[in-house]
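Colleague: I would like to learn how to read a protein model one feature at a time. Could we take a few features in turn, with the general idea first and the case in hand after it?

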Amino acid sequence: SVQEISDIGLLLNYIDNGGFKIGLIHYVYIPKPKSNDEITNLLTSGKWLVNLKRYGDIGDKIEPENIENTWYVFNPDGSYQKSEIIAEEISVADGSWFLDDKFQLNLDGGENTIYTVIGDDTKLILTTTSGGYNTIEMTKSE
């Protein structure tokens, strides 16, 4: 049975074995363009924990013990903070963001940090083709 459908997730449960459900989460992108207001509400809805950064075919999965210290927080005033682990040290940096007329997220006004935004209230995927990490996958912090 279909349990949940969102912009990027389809959760199917197909076996109920004595109360234990074996399920499959299938990630799909259902094109549903969001306005800049909708994207702003999504981005600024809380702390986003980074699970994976992908550069081309190379995936950089964040170690489970580092996820709590690898995050983005987007503020409504156009500022943001990000935290990452660099050489086993927690590094927090500030930056600026805005959404352009193509509904793309621009970080720090750089050409290599312009992202399309896909997500719902639990998942966020930023994708760019202009360089740097071309995919950043995040989940909402509890």
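Colleague: Is Ala-87 buried or exposed?

Modeller: Residues are sorted by relative accessible area, where buried means under 20%, exposed means over 50% and partly exposed lies in between, with a 1.4 Å probe and protein chains only. Ala-87 has a relative accessible area of 70%, so Ala-87 counts as exposed. Bear in mind that this is a predicted model, in which local features need pLDDT of at least 70 and side-chain atom pairs count only at pLDDT 80 or more, while totals for chains, interfaces and linings use all residues. Residues are numbered from 1 along each chain as its sequence is written, and side-chain values use heavy atoms, with hydrogens and water left out.

Colleague: Where does Ala-87 lie, and what is its phi?

Modeller: Most residues other than glycine have a negative phi. Ala-87 is not a glycine, yet its phi is positive, about 50°, and Ala-87 lies in the loop between strand 7 (79–86) and strand 8. Strands here are DSSP runs of E with at least two residues, and helices are runs of H or I with at least four, both numbered from the N terminus. Phe-103, in the loop between strand 8 and strand 9, also has a positive phi, near 60°. Phe-103 counts as partly exposed because its relative accessibility is 43%.

Colleague: Which residues have the most contacts inside the largest nonpolar core?

Modeller: In soluble globular proteins, nonpolar side chains tend to be buried together. A nonpolar core is a set of buried Ala, Val, Leu, Ile, Met, Phe, Trp, Tyr and Cys residues joined through side-chain atoms within 4.5 Å. The largest one has 23 residues, and Leu-43, Phe-74 and Leu-105 have the most contacts inside it. Among the elements that give two or more residues to this core are helix 1 (36–43) and strand 6 (71–74), and strand 6 supplies the largest share, four residues.

Colleague: How do strand 4 and strand 12 pair?

Modeller: Two strands pair if DSSP finds at least two bridges between them. Strand 4 (residues 47–55) and strand 12 (residues 135–140) are antiparallel and share six bridges, and Val-50 has Met-138 as its bridge partner in strand 12. Strand 12 also runs antiparallel to strand 11 (residues 123–127), with five bridges joining them, and there Ile-125 stands opposite Glu-137.

Colleague: How many cavities of 30 Å³ or more does a search of the whole structure find?

Modeller: Rolling a probe the size of a water molecule over the atoms shows where empty space is left. On a 1 Å grid over the protein atoms alone, a cavity is a set of points where a 1.4 Å probe fits but cannot get out, and lining residues have an atom within 4 Å of a point. Grid points are joined across faces, edges and corners, and a volume is the space filled by probe spheres set on the points. The search finds one cavity of 30 Å³ or more, and the largest cavity has a volume of about 30 Å³. Its lining includes Val-50, Trp-71 and Glu-84, and strand 7 gives the largest share of that lining, three residues.

Notes: 1 Å grid on protein atoms, 1.4 Å probe; cavity = no way out; pocket = protein on both sides within 12 Å on 5 of 7 lines; lining within 4 Å.
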